Amino acid sequence: MNFDDTPQEAAFRAEARAWIAANAPKQYEEELRKSSLGRTQLKNANILEVARAWQKKKADAGWACLHWPKEYGGRGASPIERVIWQQEEGPYGRLSAMFIIGHGMCGPTMMAFAREEHKRHYLPPLASGEKIWCQLFSEPAGGSDVAGLRTRAEKKGDDWIINGQKIWTSGAHYSDYGILLTRTDPAVPKHKGLTMFFLDMKSPGVEVRPIKQASGQSDFNEVYFTDIRIPDHQRLGEVNDGWNVSLTTLMNERMSIGAGVATGFPELFEFCNNLMLEDGPAIEDRSVRSRLANYAVKASGLKYTSMRAISALSKGERPGPENSIGKLVAGSMIQEVAMYALDLQGAAGVVSGPEDAELAGKFQAMLLRAPGTRVEGGTDEIMRNIIAERVLGLPGDIRVDKDVPFNQIPTKGRS
Amino acid sequence: MNFDFSDEQKQMRDEARKFLSEQCPPKAVRAVLDGEAAYDKDLWKGLAEMGFLGVAIPEQFGGAGAGHLELCVIAEEMGRALAPVPFSSTVYLAAEALMLAGSDAQKRKWLPKIAAGEAIGTLALFEGKGNPSPKVIKLTASGDSLNGTKKPVPDGAIADFAVVAARTGSTGRDADISLFLVDLKGGGVEVKELTNIDPTRGQAEIIFSNARAEPLGATGEGWGIISQVLDRAAVLLAFEQVGGADRALEMGRDYALDRIAFGRPIGSFQAVKHILADMYVSATLARSNCYYGAWALSTNAAELPEAAAAARISATQAFQHCAKNNIQVHGGMGFTWEFDCHMYYRRANATALGLGSLSYWEDALIDRMRKKNAA
């Protein structure tokens with residue numbers, strides 16, 4: 001049992017480290033290091049531009065999408081090399097936020113289902129950040145129940161005509177392309193009538209409207225489709241097999257390991273180390289220490305769970321399902337951490353303006369953004385279902401709509 | 001990176017699991033629970049024959065000389081099986097104290113006997129309510145004789161010898177405490193069994209009246225040794241706790257798959273599924289913290305105090321969480337004497353206290369993290 005690299009891993013790490021040291025945008029390092037949930041902006045620069053420049057630089061030198069094949073813009077690296085890269089990239093990895101969906105979900109789906117000429121055309125600029133992709137799955141009537149989506153695709157000659165609405169689409173406002181899950185047959189049960197496409201987000205009939213979140217920011221969008229036209233060669237997978245295609249996408253979302261999920265603990269520990277309460281330093285207060293210890297063991301538990309997964313990768317094994325716990329644990333923890341940090345500030349905890357608030361309102365911003373982390377990318381409840389069903393082997397929910405044609409499923413609760 | 005046990009260590013775990021599933025089925029645990037014996041003597045002998053008691057004891061003292069990682073995998077299996085034997089007191093506390101601070105003669109006297117299953121040892125630290133602290137130690141040593149009372153002493157009623165923490169100074173500092181070895185079969189020792197929440201591992205009160213003792217380690221260094229022993233034992237016991245937590249989770253899962261209510265397996269209800277998913281989460285977090293503790297223990301890393309506290313807290317929480325919710329998933333049947341759920345509940349709550357309670361370790365963890373932060 002050790003934390004040591006193999007000789008090959010050490011050589012790769014040294015190479016990555018040297019390249020990063022010579023090329024990373026160091027002027028932003030401190031700011032990126034200090035960024036936290038609900039607070040990832042740069043004071044004197046547009047973070048999107050900085051992110052795109054960094055991604056392009058990486059791509060030109062062969063450090064983008066490391067695990068992708070070279071012909072599609074990657075490096076053909078092993079999973080463990082990808083993790084080592086992430087470790088070495090450190091705070092600069094936060095610049096990848098706008099590419100995560102494209103690289104983590106859209107790219108792998110294209111790789112598995114698109115025609116060869118499309119892969120060669122679309123994947124390299126996706127890897128280099130020159131083109132940004134979004135994922136159009138969720139709908140007002142289909143969030144956790146994504147197979148309940150209603151956006152229609154109807155065949156007209158060699159094209160498909162799309163009408164409907166998506167919601168919670170991250171980055172749609174700056175995306176060039178998207179992968180889109182649609183309903184092609186409403187007369188069969190819901191999972192059996194879906195088809196996947198990719199589309200140009202600049203197509204006529206696509207309208208993107210930002211959603212103002214409860215936190216006041218706008219990271220997500222609604223996307224409306226009115227009679228947009230997608231050629232059949234942009235279909236991913238067979239007609240009506242879109243559910244299986246989407247499972248590939250979602251599987252890839254959950255396979256990303258080693259990036260480290262934010263728990264808020266390092267920030268809280270640092271805060272408590274410097275905070276004076278009425279009776280003395282907060283860190284010497286028994287109740288504060290008890291709370292901190294509870295958060296500490298969750299944070300370290302997640303860290304070492306991810307180390308175990310990395311070790312499995314290093315040995316060429318597939319990591320076990322234990323990684324599905326990361327988002328579930330961190331999501332609710334960061335919310336509790338933020339609430340507790342405000343509690344320790346007493347009445348002043350209410351103040352959130354960067355000029356007046358403690359630590360420029362870091363924990364207040366975290367608090368307001370936190371509810372979203374427990375919903376996005378699979379709610380806490382869906383994550384628990386996944387653990388219960390796929391890890392523990394418990395039976396699936398009894399689905400009353402499973403064998404019912406989609407167009408006969410009730411759409412209203414109380415009526 | 002290889003943050004995992006080796007194939008050989010995993011093989012040893014499989015051997016231990018197989019051995020314990022044959023030699024320590026629930027009915028063997030029940031025999032001790034029901035008071036038919038103070039501990040399972042046959043199992044204890046068997047563990048010695050398998051080499052498990054001396055797995056971390058050097059070969060020159062009769063052990064297998066394998067190491068602490070090997071002991072961790074055995075500990076996990078002992079916890080899983082709820083082995084009703086004085087393993088934690090003898091192996092994690094007494095043997096570790098001897099290996100840390102014993103003279104060559106002391107090691108030669110006791111360690112081979114421990115490895116052979118011929119001697120049971122324990123650590124007599126507590127004196128009533130309170131957590132580990134030099135302040136709570138009132139038992140005095142003068143020359144080679146001890147006077148005072150220790151309780152609770154784990155497995156004290158069946159132990160052959162004890163490492164006893166005694167007061168040898170009154171400066172109010174850690175240096176007031178020294179350790180002694182006492183042959184509990186000798187004179188001046190009165191032992192009383194204490195009824196406790198987990199009868200499968202005994203607790204006792206021991207009254208020392210001019211009991212003959214020999215120093216273990218130098219005078220005034222007792223507290224330093226105890227701290228190290230507690231850190232080591234915290235990691236090892238945490239593995240027992242994780243083993244117990246995993247087993248409680250499996251029991252709950254299996255019951256949820258088999259039990260039908262409202263016309264369907266209860267494991268298909270989200271209310272039940274989510275309880276079990278949360279049990280899995282806590283057990284997984286604990287296991288990962290334990291692995292880090294195992295690494296720190298086996299390499300004698302500077303991180304051991306912090307890693308041990310984290311493993312201890314996380315594993316205590318996980319075992320308590322899994323054991324209580326295993327009963328919840330079982331419903332009424334889980335609250336019967338007949339079902340095994342309460343044995344895990346008892347063990348979970350007893351092990352939560354043995355080396356100092358959760359709040360003690362929480363405090364210790366933050367202390368240790370602070371020191372690292374300041375350094």
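Into which domains is chain B divided? Here are my notes, point by point.

1. First, the ground rules. This is a predicted model, where local features need pLDDT of at least 70 and side-chain atom pairs count only at pLDDT 80 or more, while totals for chains, interfaces and linings use all residues. Residues are numbered from 1 along each chain as its sequence is written, and chains are lettered from A and ligands numbered from 1 in the order in which they are written.

2. On to the opening question: chain B splits into domain 1 (7-88), domain 2 (122-220) and domain 3 (223-374). Those bounds come from an automatic or database domain assignment. Between domain 1 and domain 2 of chain B, the C-alpha centres are 26 Å apart. Their contact takes ten residues from domain 1 of chain B and nine residues from domain 2 of chain B (two residues are in contact if their C-beta atoms, placed from the backbone, lie within 7 Å). On the domain 1 side, helix α2 (residues 26-33) of chain B gives the most, with three residues. By class, that side of domain 1 of chain B has eight nonpolar, two polar and no charged residues. For the classes, Ala, Val, Leu, Ile, Met, Phe, Trp, Tyr, Cys and Pro count as nonpolar, Asp, Glu, Lys and Arg as charged, and the others, Gly among them, as polar.

3. Now the contact between the chains: chain A puts in 38 residues and chain B 41 residues. On chain A's side, the elements giving two or more residues are α9, α10 and α12 (380-391) of chain A. The biggest share comes from α9(A), which gives the most with 17 residues. By class, this side of chain A has 20 nonpolar, nine polar and nine charged residues. Helices (H or I, at least four residues) and strands (E, at least two) are DSSP runs, numbered from the N terminus.

4. Take a look at helix α8 (residues 265-274) of chain A. Its buried residues are F265(A), E267(A), L268(A), F271(A) and C272(A). They sit on the same side of α8(A) because they cover an arc of only 160° around the axis (the arc is that of the directions from the helix axis to the C-beta atoms). An α-helix has 3.6 residues a turn, so residues three or four places apart point the same way. Over on the other side of α8(A), E270(A) and N274(A) are exposed. The cover over the buried residues of α8(A) includes α9 (286-314), α10 (325-343) and α11 (362-373) of chain A. Buried here takes 20 or more other C-beta atoms within 10 Å of a residue's own, exposed takes 12 or fewer, and partly exposed is in between, with C-beta atoms placed from the backbone.

5. D227(A), in strand β7 (residues 220-231) of chain A, has phi near 50°. D227(A) is exposed, with 11 other C-beta atoms within 10 Å. F262(B) has phi near 55° and is in the loop between β9 (260-261) and β10 (264-265) of chain B. F262(B) is exposed because 8 other C-beta atoms lie within 10 Å.

6. There's a cis peptide bond too, from K151(B) to P152(B), with omega near -5°. P152(B) belongs to strand β3 (residues 145-154) of chain B.

7. Last one: A97(A), in the loop between α4 (79-89) and α5 (100-113) of chain A. A97(A) is partly exposed, with 16 other C-beta atoms within 10 Å. A97(A) and A51(A) are 46 residues apart in sequence, yet 8.5 Å apart in space, C-alpha to C-alpha.
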